[in-house]
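Please look at the sequence and the fold shown here.

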Amino acid sequence: MPVRNRFADTHDTITAWRRDIHAHPELLFDTHRTSALVAEKLREFGCEEVVEGIGRTGVVGVIAGRRSTSGRVVALRADMDALPIQEATGAAHSSTIPGAMHACGHDGHSAMLLGAAQYLAQTRNFDGTAVIIFQPAEEGGGGGQVMCQDGLMERFGIQEVYGLHNWPGQPAGSFAIRPGPFFAATDEFGITVEGRGGHAAKPHEGVDPVVIAAQLVGMVQTIASRNADPTEQVVVSVTSIESSSKAVNVIPGSVQMKGTIRTLEPAMRDLAETRLRAICAGLGDAMGGSVDLRYQRNYPVMVNHAAHTEYAAAAARAVSGACAEAPLVMGGEDFAYMLQERPGAYILLGNGDTAPVHNAGYDFNDAIIPAGCSWWVELVEQRMPVAGA
């Protein structure tokens, strides 16, 4: 079945929800307005149960099918939080909150899942239970993990779980997916280089931490170029360098560095951290300064389960006629925590020729709303078919 006609009729309504959420972005767990809006809509739709406060500000709705003989429970998840970016789209529905915007399309994800929930609550053309999850704090807060720690899977008896993300540069309304490792583990590091400051005209009297930091930038790249198997994925990025001095004629006493390491395999994740620690320790000793490393492991690799990847792809083919093989993505996604708890899959929905995500000029493409809503519905109905329907 292609895109469902019902979503042509409700497209304007769902778009209005999306633009309202877009105009009122909220960061991390502070999704109070968005969560309240979502809970209100779910109650209006007639969900059997609507629970707020799962994972601090998460919302869960429960929709019973026409029958419950299968005993199957399928969960659908959308994220709600925005990013700390000043919007530059110039859209009429632009952010009204300075320094915050929906630059990743979570407003679209939430609106599409609301549209699908409304349809499922009206039609109930499935045998089992659909659990509708709205998650806060995907953008660095680990809201998916917090919801799981709060008993999400056990409380609602979830057996399998699915997620979706819009994807700029992919044809609007098309789908792409891959089994196995899909999105990368995302680790962060901070480094303090301590030297001995002094006058820029007398570098021999001090220990220049800027020179040590410059050496570090080059040396950490050898993790990918000389330590990692060339057939495996690892990205090491130094993203910030800042010294303690603001004067042009002063050698600073210290330099602060920040960066990320992204990998797709546990062994490579371990190797990258081990090599970074060794480089920092060795270079500090060799150059007469000290290098203090702070390393934090964040989101794990997001791994699609093979069978459930095919279920998601089958629903996509039913909606759009095709489902492409997605590329590996070195960005992180905390849906990984939910896929560690239950089998499931994550799919990409083309956003068309738009600005990339995490860009001040990005906006979700409202034209893809019917395709996204239809995929959610198709997935539920395929996974929990009504016998004889």
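Isoleucine 241 has methionine 257 in β12 as its bridge partner. Isoleucine 241 itself sits in strand β10. Helices (H or I, at least four residues) and strands (E, at least two) are DSSP runs, numbered from the N terminus. The model is predicted: local features need pLDDT of at least 70, side-chain atom pairs count only at pLDDT 80 or more, and totals for chains, interfaces and linings use all residues. Residues are numbered from 1 along each chain as its sequence is written, and side-chain values use heavy atoms, with hydrogens and water left out.

β10 pairs with β12 in the antiparallel sense, over 9 bridges. Two strands pair if DSSP finds at least two bridges between them. The open sheet has 4 strands in the order β10-β12-β8-β13, with antiparallel pairing. β10 (234-243) and β13 are the edges; each has a single partner strand, so one side of each lacks a neighbour in the sheet. On average, neighbouring strands of this sheet are turned by 20 degrees against each other, direction ignored. Angles run from 0 to 180 degrees between N-to-C directions, and axes are lines fitted to C-alpha atoms, for helices over the stretch in contact.

## Around isoleucine 241

Which residues does isoleucine 241 touch, not counting residues up to four places away in sequence? They are Val217, Val255, Gln256 and Met257. Contact means heavy atoms within 4.5 Å. Glutamine 256 is 15 residues from isoleucine 241 along the chain, and their C-alpha atoms are separated by 5.7 Å.

Helix α7 (residues 209-220) lies across β8, β10, β12 and β13, at about 10 degrees to β12. Helix α9 (residues 266-287) also lies across β8, β10, β12 and β13, and runs at about 165 degrees to β13.

## The eight-stranded sheet

Another open sheet has 8 strands, ordered β1-β2-β4-β3-β5-β16-β6-β15, with mixed pairing. β1 (49-54) and β15 (324-325) stand at its edges; each has a single partner strand, so one side of each is left without a neighbour in the sheet. Helix α4 packs on the sheet and touches β2 (58-64), β3 (73-79), β4 (129-135), β5 and β16. The direction of α4 makes about 145 degrees with that of β3.

Strands β6 (residues 175-177) and β16 (residues 344-352) run antiparallel, joined by 2 bridges. Phenylalanine 175 stands opposite leucine 349 in β16.

## Helices α2 and α4

Two packed helices are described by the angle between their axes and the distance between the axes. For α2 (residues 11-23) and α4 (residues 106-123), the angle is about 145 degrees and the axes are 8 Å apart. The crossing of α2 past α4 is right-handed. A crossing is right-handed if the near helix is turned clockwise from the far one by less than a right angle, and left-handed if anticlockwise.

From α2, the contact uses Ile14, Trp17, Arg18, Ile21 and His22. They meet α4 residues including Asp107, Met112, Leu114 and Gln118. By class, this contact has 6 nonpolar, 5 polar and 2 charged residues. Ala, Val, Leu, Ile, Met, Phe, Trp, Tyr, Cys and Pro count as nonpolar, Asp, Glu, Lys and Arg as charged, and the others, Gly among them, as polar.

The largest pocket holds about 680 Å³ of space. Its lining has 30 residues, and Glu138, Glu139, Gly140, Tyr299 and His358 are the closest to its centre. By class, the lining has 12 nonpolar, 12 polar and 6 charged residues. β5 (160-168), β8 (185-194), β12 (254-263) and β13 (290-297) each supply at least two lining residues. On a 1 Å grid over the protein atoms alone, a pocket is an open set with protein on both sides within 12 Å along at least five of seven lines; a cavity is a set of points where a 1.4 Å probe fits but cannot get out; lining residues have an atom within 4 Å of a point. Grid points are joined across faces, edges and corners, and a volume is the space filled by probe spheres set on the points.

There is 1 cavity of 30 Å³ or more. Arg6, Phe7, Thr10, Ile14, Gly115, Gln118, Tyr119 and Gln122 line the largest cavity. α4 gives the largest share of this lining, 4 residues.
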